[in-house]
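Here are a few exercises to work through with the structure open beside you. Try each task on your own before you read its solution.

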Protein chains: 2
Amino acid sequence: MNAQKSHMGEFHCLIRQLGILTELDAVTEENLHNIEAEHLNFSAGSSVYETGLPAAAVYVLVSGYVKLVKTTLLGKSQIIRIVKAGEVFGFDGLVAEHYNHSAATMGDAQVCRIPVAALEDLGEHRAEVERQIMVRCIKELQRADGRLLELGAKRSDERLASFLLDWCQLMPADAWIPLVLSRLEIAQFLGLTIETVSRLFASWKREGILKEKKQAIRVMDWQRLKLLAESH
Amino acid sequence: MNAQKSHMGEFHCLIRQLGILTELDAVTEENLHNIEAEHLNFSAGSSVYETGLPAAAVYVLVSGYVKLVKTTLLGKSQIIRIVKAGEVFGFDGLVAEHYNHSAATMGDAQVCRIPVAALEDLGEHRAEVERQIMVRCIKELQRADGRLLELGAKRSDERLASFLLDWCQLMPADAWIPLVLSRLEIAQFLGLTIETVSRLFASWKREGILKEKKQAIRVMDWQRLKLLAESH
DNA sequence: CGTAAGGTTGATAAGACTCAATCCTTGTGG
DNA sequence: CCACAAGGATTGAGTCTTATCAACCTTACG
């Protein structure tokens, strides 16, 4: 619940993260300094926005991790997406009256908040920025599609295995990889219970597929993990 | 597999469906007649595009239904979305090299195919059209989020109940509502098996919650169905 | 230290899948 | 117009997976 503001010409976050650096960046320098973008510092476990609240801004995650969560009327929570540094979230701000999910930081995080009103002040560059946001959105849709397949068509071990593979992707194969999520969060992400996740980890550690130390894991047998992710 | 082409200035599909009729429509009339948009007629169960094929077009469904399907390496299929008339699909065309899912018609359908190249010829109207596409995309993302909650956090009966509620929404409460999907398709949409779906239907028919005739259903007790969708 | 929160483990039960047999529907050809 | 074949749907029996409940362990931290 702790967020420190720092108003500034922080529109750079958006511009830079969207990869429109080149000429636009220069223009930005002059024209956009007065734009109402906030650079926010959140402490661990803070809420960025809540379901049902009026949606009037898009966000770029500068550092850390953010989880997007939807909750059933009965209180069951599902983690819709885990946002990583450099990614855009809160697309709802662009079309909806209210957010249809909640966003909370996992560990400390820096977030750049861009009011949608700011986008309209972009003038001739608005189209370019919006196009990039569209691209990001389409990619999120693709990822969501992939996750629908995971949740709809795979068993617990397959889900956990492909989650780990995805999480560790782009990391050196023989490194200790920080696992930011708690067992509960992994369970909520995969549509499972804490216990099943725990048991799977225990089993795989027993079989030497992976090791765990503190809040980090190390995959010892990538081959078997890949097999687990896709087959029986 | 049967599709009859009819090249024409069918760009109207996009323009109209995106709701940019007003002044833009007039301009369209003159400027866009030469745009390479195809109006396609598909017979039941035809493929619009397949996973892995080069993606170079966006589609608007003019009439009928289209299912978007992803498949596991083991052959398990998940329906990630059911496209209804007036909706846009194939967003992949705008960003990806290849489609990451397949699209097939359910029953006969009319589809308007807009090559992405065509969008670039839109000149000053391109921004407007792209903005509308972005809006559509964001809405799809929201729907996908909702479905992630369904698949991740709900039991079979809750999933089927909320699917039916969603399917029948906007329909007169006391009408026979055509159910376009087979049991298999419902199962693939909800991440269940044919048998469980069949059993749930049987049970609900027995309890007088709904009736079924031919390929249509009629909900007799909306209240109970709503309860089933959200609670135990 | 002592406490609280998170994690593990075991026993049990419920939910959903699998396999298999049977029952419609629907469409086709004689 | 009827008979029959084929695909879809239903139902039942048994099994596997995952959730639930409960106890216990571990770690971090005041």
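## Exercise 1: Reaching the DNA

Keep in mind that this is a predicted model.

**Task.** Find a phosphate oxygen of DNA strand C that pairs up with the side chain of B:Thr193, and give the distance.

**Solution.** Start at B:Thr193 and look for an N or O atom in its side chain: a phosphate oxygen of DNA strand C sits 3.0 Å away. Next, hop over to chain A, where the side chain of A:Arg183 has an N or O atom 2.6 Å from a phosphate oxygen of DNA strand C. Finally, check the bases: B:Glu195 has a polar side-chain atom 3.0 Å from a base nitrogen of DNA strand C.

## Exercise 2: The surface near the strand

**Task.** Work out which residues come nearest to DNA strand C, and which element gives the largest share of the surface near it.

**Solution.** Begin with the 16 residues around DNA strand C: the nearest are A:Arg183, A:Ser198, A:Arg199, B:Ser156 and B:Thr196. Last, turn to the elements. Helix α7 (194–206) of chain A and α7 (194–206) of chain B each bring at least two residues, and α7(A) has the largest share, with 5 residues.

## Exercise 3: Where the two chains meet

**Task.** Describe the contact between chain A and chain B: how many residues does each chain give, and how much area is buried?

**Solution.** First, count residues: chain A gives 41 and chain B gives 41. Then take the area: about 3,800 Å² is buried between the chains, with 71% of it on carbon and sulfur atoms. Three residues, A:Met134, A:Leu148 and A:Leu149, make up 16% of what chain A buries against chain B, more than any other three.

Now look for charge pairs. The interface of chain A and chain B has 2 salt bridges; one of them joins the side chains of A:Glu130 and B:Arg131, at 2.6 Å from N to O. You'll also find 4 residue pairs in polar contact across the interface.

To finish, trace the chain A side. β5 (57–71), β6 (77–83) and α4 (126–153) each give two or more residues to it, and α4(A) supplies the largest share, 21 residues. By kind, the side of chain A that touches chain B splits into 19 nonpolar, 11 polar and 11 charged residues.

Terms used
Residues numbered from 1 in each chain as written. Chains lettered and ligands numbered in written order. Predicted model: local features only at pLDDT ≥ 70, side-chain atom pairs only at ≥ 80, totals over all residues. Heavy atoms only, no water. Near = heavy atom within 4 Å. Polar contact = N/O pair within 3.5 Å; in protein donor to acceptor, adjacent residues only side chain to side chain. Helix = DSSP H or I, 4+ residues; strand = E, 2+ residues; numbered from the N terminus. Contact = heavy atoms within 4.5 Å. Buried area = accessible area lost by both parts, 1.4 Å probe. Salt bridge = Lys/Arg side-chain N within 4 Å of Asp/Glu carboxyl O. Nonpolar A, V, L, I, M, F, W, Y, C, P; charged D, E, K, R; others polar.
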